[in-house]
Amino acid sequence: MSDAPIAFIDLKAQRRRIGARMDEAILNVVESAAFIMGPQVAELEGKLAAFARSKHCLSCANGTEALVLPLMAWDIRPGDAVFCPSFTFAATAEVVPWLGATPVFVDIDPVTYNLDPAHLEATIEATIKAGKLKPKVIIAVDLFGQPADYPAIAAIAKKHGLKLIADSAQGFGCTLGGEHPTKWADVTTTSFFPAKPLGCYGDGGAVLTDDDVLMDVMVSLRVHGQATKRDVEAAGFTHDPKYLNMRIGMNSRLDTIQAAVLLEKLAIFPDEIEARNRVAARYADGLAGAVATPRVIDDGVSTWAQYVVETDKRDAVIAHLKARNIPTAVYYPIPIHQQAAYARFPVGPGGLPVTEAKAGVVMALPMHPYLSAADQDRVCAAVREAVFANA
Ligand SMILES: Cc1ncc(COP(=O)(O)O)c(C=O)c1O
């Protein structure tokens with residue numbers, strides 16, 4: 001069997017498929033010189049909204065700022081509680097203290113790694129009882145690509161009058177019962193970081209919502225709090241709305257070149273999601289009995305940002321694969337609530353035992369839509385050898 005290096009995420013394989021079209025799209029932007037807010041940006045926003053069945057889409061500079069834009073628009077501030085998982089990338093929680101508010105960490109479901117609705121409810125109730133923080137927002141994460149339990153989480157949000165954000169940075173394109181997270185969440189966000197299922201050639205992000213007023217405010221916040229159409233009319237302002245600054249905003253535009261890249265990638269994204277699911281199914285067969293393979297929520301379709309398995313022989317398996325030129329990664333070795341910078345923030349009642357246990361046993365294998373059957377067979381054989389040699 002070959003020992004050639006296998007890519008963890010092979011971004012070059014996609015270029016072999018659409019490279020020529022992509023180069024032309026990028027060159028078009030360069031030649032037009034419309035680097036900022038060129039026509040490709042609005043075209044992409046329209047296509048993303050249609051794809052994810054949302055009324056509006058606002059592109060922005062990255063998936064982190066996609067999370068902070070709605071929080072800023074809702075005026076989240078000191079004394080407010082934002083409930084989120086700790087078993088996630090730091091960005092999910094990081095944006096909350098930016099605004100002086102408090103992330104409150106909730107445990108995850110042991111099968112899907114996504115927010116545990118029962119612990120979410122218990123955490124909200126404990127926060128209300130403690131009386132120190134005002135519950136305002138829930139951020140659910142579509143970890144590793146699969147949708148959170150939105151029907152249950154949205155019912156809890158509704159019961160307590162909370163806003164719901166779907167952080168779909170890893171799961172954009174995932175569905176539950178054929179519906180995108182946009183069906184349940186007030187706001188759905190994503191990241192176009194190159195390694196994401198729908199990634200660009202740099203940083204990028206987007207926010208999706210059906211809420212007209214929220215959209216207006218986020219449009220303003222994205223460009224330094226510039227006046228919205230409504231603001232301009234109310235103020236009778238006749239100059240460029242950029243110079244009527246209604247709120248404290250930021251600069252979070254998506255570059256036109258990245259929008260052009262994403263338009264090409266979005267065209268093949270449904271096909272790539274299918275390919276990712278074929279790769280995942282082949283892994284599930286090849287790894288059965290050796291490690292715990294992932295399970296997707298009933299009626300869910302994952303975009304498989306990561307293919308994460310569990311084994312209590314993790315170090316041995318990682319070393320065995322590394323020696324055979326097969327890369328792996330651990331998402332996440334230290335949950336956010338155990339990171340020093342986040343240690344002062346509260347966790348739900350009983351702590352986060354599932355989160356802490358998972359951090360010790362999860363590992364991700366190479367995953368991308370163009371992973372060949374032969375390479376997958378090599379990965380599976382190496383995992384089996386490592387597990388059974390260490391049995
Ligand atoms: C769950 C999650 N949320 C937010 C982000 C932030 O996205 P970005 O890196 O584009 O800021 C990421 C990824 O990086 C992520 O995995």
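What follows are my entries on cavities and ring contacts in this predicted model.

**Cavities**

I started by counting the cavities of 30 Å³ or more, and I got three. I then went to the largest cavity, which holds about 120 Å³ of space. Its lining is made of 16 residues, and L11, Q14, P197, R276 and P369 are the closest to its centre.

Which helices supply at least two residues each to that lining? I noted α1 (11-32) and α9 (256-287). The largest share, three residues, comes from α9. I also sorted the lining of the largest cavity by class: eight residues are nonpolar, three polar and five charged.

Next I looked at the second largest cavity, with a volume of about 80 Å³. I listed its lining as T112, Y113, L143, F144, Q146, P294, V296, S302, W304, Q306 and V308. By class that gives seven nonpolar and four polar residues, with no charged ones. Domain 1 (11-264) and domain 2 (269-389) each put at least three residues into the lining of this second cavity.

**Aromatic rings**

I searched the whole structure for aromatic pairs and came back with 12. One of them is F172 with F269, a stacked pair at 6.5 Å centre to centre and 5° between the planes. What does this pair tie together? F172 sits in the loop between β5 (163-167) and β6 (175-176), while F269 belongs to helix α9, so the contact joins parts that are 97 residues apart in sequence.

I checked W304 and Y307 next: their ring centres are 5.4 Å apart and the planes make 35°, so I logged the pair as tilted. W304 and Y307 are both buried. W304 had already turned up in my list for the second largest cavity.

I also found a cluster in which ring pairs link F87, Y113, F144, Y331 and Y332. Among its members, Y113 and F144 also line the second largest cavity.

K183 lies over the face of W184, at 5.9 Å from the ring centre.

Methods. Residues are numbered from 1 along each chain as its sequence is written. This is a predicted model: local features need pLDDT of at least 70, side-chain atom pairs count only at pLDDT 80 or more; totals for chains, interfaces and linings use all residues. Side-chain values use heavy atoms; hydrogens and water are left out. On a 1 Å grid over the protein atoms alone, a cavity is a set of points where a 1.4 Å probe fits but cannot get out, and a pocket is an open set with protein on both sides within 12 Å along at least five of seven lines; lining residues have an atom within 4 Å of a point. Grid points are joined across faces, edges and corners, and a volume is the space filled by probe spheres set on the points. Helices (H or I, at least four residues) and strands (E, at least two) are DSSP runs, numbered from the N terminus. Ala, Val, Leu, Ile, Met, Phe, Trp, Tyr, Cys and Pro count as nonpolar, Asp, Glu, Lys and Arg as charged, and the others, Gly among them, as polar. Domain bounds come from an automatic or database domain assignment. Rings of Phe, Tyr and Trp (its six-membered ring) pair if their centres lie within 6.5 Å; planes under 30 degrees apart count as stacked, over 60 as edge-to-face and the rest as tilted. Buried means under 20% relative accessible area, exposed over 50%, partly exposed in between (1.4 Å probe, protein chains only). A charge sits over a ring if NZ of Lys or CZ of Arg is within 6 Å of the ring centre and within 35 degrees of the ring normal.
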